Amino acid sequence: MTAHDRNRRRALVVGGSTGIGRGVADAWAAAGLDVTVLSRSAPAGAGADRLRWAATDLTDAGRVTENLALAAAEPLHAVCYSAVHYGDRRALFRDCTEAEWRRQIDVNLHGLWLTLSRTIPALRRPDAPGVFLGVSSEVVYNAGPGRSGYAASKAAASALLDSVAQEEAEAPGAEALRIVQALPAGMVDTPGIRRRRPEGFDYSAYMTPGSFAPLARELAATAGAGLHGAHLVVDGAGAWFPVSERTPVSQSRRISSGAGS
Ligand SMILES: NC(=O)c1ccc[n+]([C@@H]2O[C@H](COP(=O)([O-])OP(=O)(O)OC[C@H]3O[C@@H](n4cnc5c(N)ncnc54)[C@H](OP(=O)(O)O)[C@@H]3O)[C@@H](O)[C@H]2O)c1
């Protein structure tokens, strides 16, 4: 990739190498934004050549802070936080390890805190407000038996985004940035989910990361005008509606001790 073109609006996707974050990164790049991805592995496959990438492990707070400072050194038009650590497998709370819990907090929550704190100044511009998109989950509304660490870290992440959104709405120069949360209506076929499914699993009923492209395009075009503080559900056709209209059904299922995927 070439050096930054000062005339192009800039975007950052944390956790944009694969899955929903990649869907957002590709949509923003297609909309003409200069997109940087932070993740451990480089974006691969079609469209990867349109993305910048800075190798970042969210469990290494020093490196994260360094790369976020670089990304936020100039104004940002759009930021998405989609990084996730689901955990090795679904497991009852009594079978979960403290190490897994800490990793979920690092990736699902603390990385979000770092990203918000470092990028808000670069997004918060009265003349050209930026937009922050947090990728959420149905577990925020349903809790998550068999995936308590994931559910707790995602619920805390959602509360963090809501709290900051409410502060921003009250701040002088309100609407200087917009914070939006979006979650899929059902399961999405992503590498993170595939790692936890048996070989031969049928993904035909699953959504694809591309379902997030229409919303990502809308946010790039409008910087989230009129959507500040919204919790949106994205369906398989790429349409979206407020979560208050219809809460997505729980994706949790009963498991017994030692089982799960
Ligand atoms: N898929 C679903 O069905 C579903 C349903 C509801 C909500 N969601 C939400 O959607 C979001 C994305 O999920 P997904 O299924 O698309 O996930 P995914 O395909 O597993 O992608 C996760 C992203 O996070 C990055 N990541 C993970 N650990 C990292 C670390 N230690 N340091 C830096 N980056 C790290 C991965 O990059 P590297 O591996 O390259 O580091 C990747 O870019 C999450 O917020 C999840 O809660 C997904």
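V64 lies in helix α2, where helices (H or I, at least four residues) and strands (E, at least two) are DSSP runs numbered from the N terminus. The model is a predicted one, in which local features need pLDDT of at least 70 and side-chain atom pairs count only at pLDDT 80 or more, while totals for chains, interfaces and linings use all residues. Residues are numbered from 1 along each chain as its sequence is written.

V64 is buried because 23 other C-beta atoms lie within 10 Å. A residue counts as buried if 20 or more other C-beta atoms lie within 10 Å of its own, as exposed if 12 or fewer do, and as partly exposed in between, with C-beta atoms placed from the backbone. Not counting residues up to four places away in sequence, V64 touches T56, L58, G111 and L114. Two residues are in contact if their C-beta atoms, placed from the backbone, lie within 7 Å. V64 and A54 are ten residues apart in sequence, and their C-alpha atoms are 9.6 Å apart in space.

The next topic is how helices pack. Two packed helices are described by the angle between their axes and the distance between the axes. Here axes are lines fitted to C-alpha atoms, for helices over the stretch in contact, and angles run from 0 to 180 degrees between N-to-C directions.

Helix α2 (residues 61–71) packs with helix α3 (residues 98–123) at an angle of about 30°, and their axes are 10 Å apart. That angle is why α2 is roughly parallel to α3. Angles under 35 degrees count as roughly parallel, over 145 as roughly antiparallel, 65 to 115 as roughly perpendicular and the rest as oblique. The crossing of α2 past α3 is right-handed. A crossing is left-handed if the near helix is turned anticlockwise from the far one by less than a right angle, and right-handed if clockwise. On the α2 side the contact is made by A61, V64, T65, L68 and A69, and on the α3 side by G111, L114, T115, R118 and T119. By class, this contact of α2 with α3 has five nonpolar, four polar and one charged residues. Ala, Val, Leu, Ile, Met, Phe, Trp, Tyr, Cys and Pro count as nonpolar, Asp, Glu, Lys and Arg as charged, and the others, Gly among them, as polar.

Helix α3 also packs with helix α5 (residues 148–170), their axes coming within 9 Å and crossing at roughly 15°. Therefore α3 is roughly parallel to α5. This crossing of α3 past α5 is right-handed. Among the residues that meet are E100, W101 and Q104 in α3 and G149, Y150 and S153 in α5. The contact of α3 with α5 has eleven nonpolar, four polar and two charged residues.

E100 lies in helix α3. Because it has 18 C-beta neighbours inside 10 Å, E100 counts as partly exposed. Leaving aside neighbours within four places in sequence, E100 is in contact with G87, D88 and G149.

α1 passes α7 in a right-handed crossing. The residues that meet are G23, V24, A27 and W28 in α1 and A213, A216, R217 and A220 in α7. They divide into six nonpolar, one polar and one charged.

In soluble globular proteins, nonpolar side chains tend to be buried together. In this model the largest nonpolar core has 59 residues, and V24, W28 and A78 have the most contacts inside it. A nonpolar core is a set of buried Ala, Val, Leu, Ile, Met, Phe, Trp, Tyr and Cys residues joined through C-beta atoms within 7 Å. A second, separate core of five residues includes V139, V140, Y150 and A155.

Some loop residues remain. A73 is in the loop between α2 and β4 (78–81), and A73 is exposed because 11 other C-beta atoms lie within 10 Å. A223, in the loop between α7 and β7 (231–234), is buried, with 22 other C-beta atoms within 10 Å. A223 has a positive phi of about 55° although it is not a glycine.
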